[in-house]
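This report walks through a single protein model. Please have the sequence and the coordinates open while reading.

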Amino acid sequence: MAEDKKKQLDDSNKQMLECSKCVLRGTCKQVVPGEGSAEAEIMFIGEGPGQKEDELGRPFVGAAGKFLDEMLETINLKREDVYIANVVKCRPPNNRDPLPEEAEACWTWLEKQIEIINPKLVVTLGRHSMERFLPNQKISQIHGKAMRRNIPGLGSRVFYALYHPAAALYNGSMRTVLIQDFKKIPKVLEAVKKSESEKKDEVISLNNNQDNQETLF
Ligand code: URA
């Protein structure tokens, strides 16, 4: 089973290397599929590769990645314990924001990764990643809150929105908030597992609002 997941993920990530569905493949050096455990309970999703990631073909390996590693350590996790990916897998030129059509073109790859890994908790890093799963929200209002949402093709899942480590790196107050939110991840994960083992999902879906979205914790 574990081998199966790893193989499926490796196969999908290999196919991704051939993708040219949007213009980004024409300007980036290489595709950055993501890395970590196919068995991860937590999946972190950033916006898109930066310069260093583009050079090395690995996600979050620059300054923001170092900060992410440090925060993972505070909750006794290593990169190998989680899965780290991005909304777009190719670096946008000059680190500009990914365009909606680029995120849309790349969605099949991210969707496949989430489907295979099937994490208990998806942690979004930054506005663009949040917007993919929790649209029409303000990150300043929903950071540090876990939300269950039904995503077509992926079913009902729990998302936890955080500020982007790159944005928080040199902003004292945002940095403090991000570190505090990050430390809550183990508790959120435990709560998700508990709610699933108690099969509270039926109740949750009945209570869903128009957006099919509910704040859990
Ligand atoms: N920022 C992101 O959003 N992703 C990376 O992989 C690196 C920096």
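## Basis of the model

This is a predicted model, in which local features need pLDDT of at least 70, side-chain atom pairs count only at pLDDT 80 or more, and totals for chains, interfaces and linings use all residues. Residues are numbered from 1 along each chain as its sequence is written.

Helices (H or I, at least four residues) and strands (E, at least two) are DSSP runs, numbered from the N terminus. A residue is buried if 20 or more other C-beta atoms lie within 10 Å of its own, exposed if 12 or fewer, and partly exposed in between, with C-beta atoms placed from the backbone.

## Nonpolar core

In soluble globular proteins, nonpolar side chains tend to be buried together. A nonpolar core here is a set of buried Ala, Val, Leu, Ile, Met, Phe, Trp, Tyr and Cys residues joined through C-beta atoms within 7 Å. The largest one has 53 residues. Ile-42, Met-43, Leu-121, Val-123 and Tyr-160 have the most contacts inside it. Helix H5 (residues 100–117) gives the largest share of this core, eight residues.

Which residues does Met-43 contact, leaving aside its neighbours within four places in sequence? They are Val-82, Tyr-83, Ala-85, Ile-114, Ile-117, Pro-119, Val-122 and Val-123. Contact means that the C-beta atoms of two residues, placed from the backbone, lie within 7 Å.

## Ligand shell

The residues around the ligand include a run from Gly-46 through Glu-47, Gly-48 and Pro-49 to Gly-50. Glu-53, Pro-59, Phe-60, Ala-64, Gly-65, Asn-86 and Ala-166 are also around the ligand. A residue is near a molecule or strand if its C-beta atom, placed from the backbone, lies within 6 Å of it.

By class, the shell has five nonpolar, five polar and two charged residues. Ala, Val, Leu, Ile, Met, Phe, Trp, Tyr, Cys and Pro count as nonpolar, Asp, Glu, Lys and Arg as charged, and the others, Gly among them, as polar.

## Helix H4

H4 has twelve residues, which should span 16 Å at 1.5 Å a residue. Its end C-alpha atoms are 17 Å apart, which agrees. The expected span is 1.5 Å times one less than the number of residues. Ala-64, Gly-65, Phe-67 and Leu-68 are buried in H4. They cover an arc of only 160° around the axis, so they sit on the same side of H4. The arc is that of the directions from the helix axis to the C-beta atoms. The buried residues pack against H8. The face turned away carries the exposed residues Lys-66, Glu-70, Glu-73 and Thr-74.

Why is Leu-68 buried? It counts as buried because 26 other C-beta atoms lie within 10 Å. Leu-68 touches Phe-60 and Pro-165, not counting residues up to four places away in sequence. Ala-2 is 66 residues from Leu-68 in sequence and 26 Å away in space, C-alpha to C-alpha.

## Helix H9

Helix H9 (residues 172–183) also gets a span check. Its twelve residues reach 17 Å from first C-alpha to last, close to the 16 Å expected. Leu-178, Asp-181 and Phe-182 are its buried residues.

An α-helix has 3.6 residues a turn, so residues three or four places apart point the same way. The cover over the buried residues of H9 includes helix H4 (63–74), strand E6 (155–162), helix H8 (165–169) and helix H10 (185–197). On the other side of H9, Gly-172, Ser-173, Thr-176 and Gln-180 are exposed.

## Positive phi

Most residues other than glycine have a negative phi, and most peptide bonds are trans. Asn-76 lies in the loop between H4 and strand E3 (83–86). It is exposed, because it has 8 C-beta neighbours inside 10 Å.

Asn-95 also has a positive phi of about 60°, although it is not a glycine. Its place is in the loop between E3 and H5. With 13 C-beta neighbours inside 10 Å, Asn-95 counts as partly exposed.

Gln-51 lies in helix H3 (residues 51–56). Gln-51 counts as exposed, with 12 C-beta neighbours inside 10 Å. Lys-29 is 22 residues from Gln-51 along the chain, and their C-alpha atoms are separated by 9.3 Å.

Lys-14 lies in helix H1 (residues 2–16). Lys-14 is exposed, with 10 other C-beta atoms within 10 Å. Lys-14 and Val-31 are 17 residues apart in sequence and 9.8 Å apart in space, C-alpha to C-alpha.
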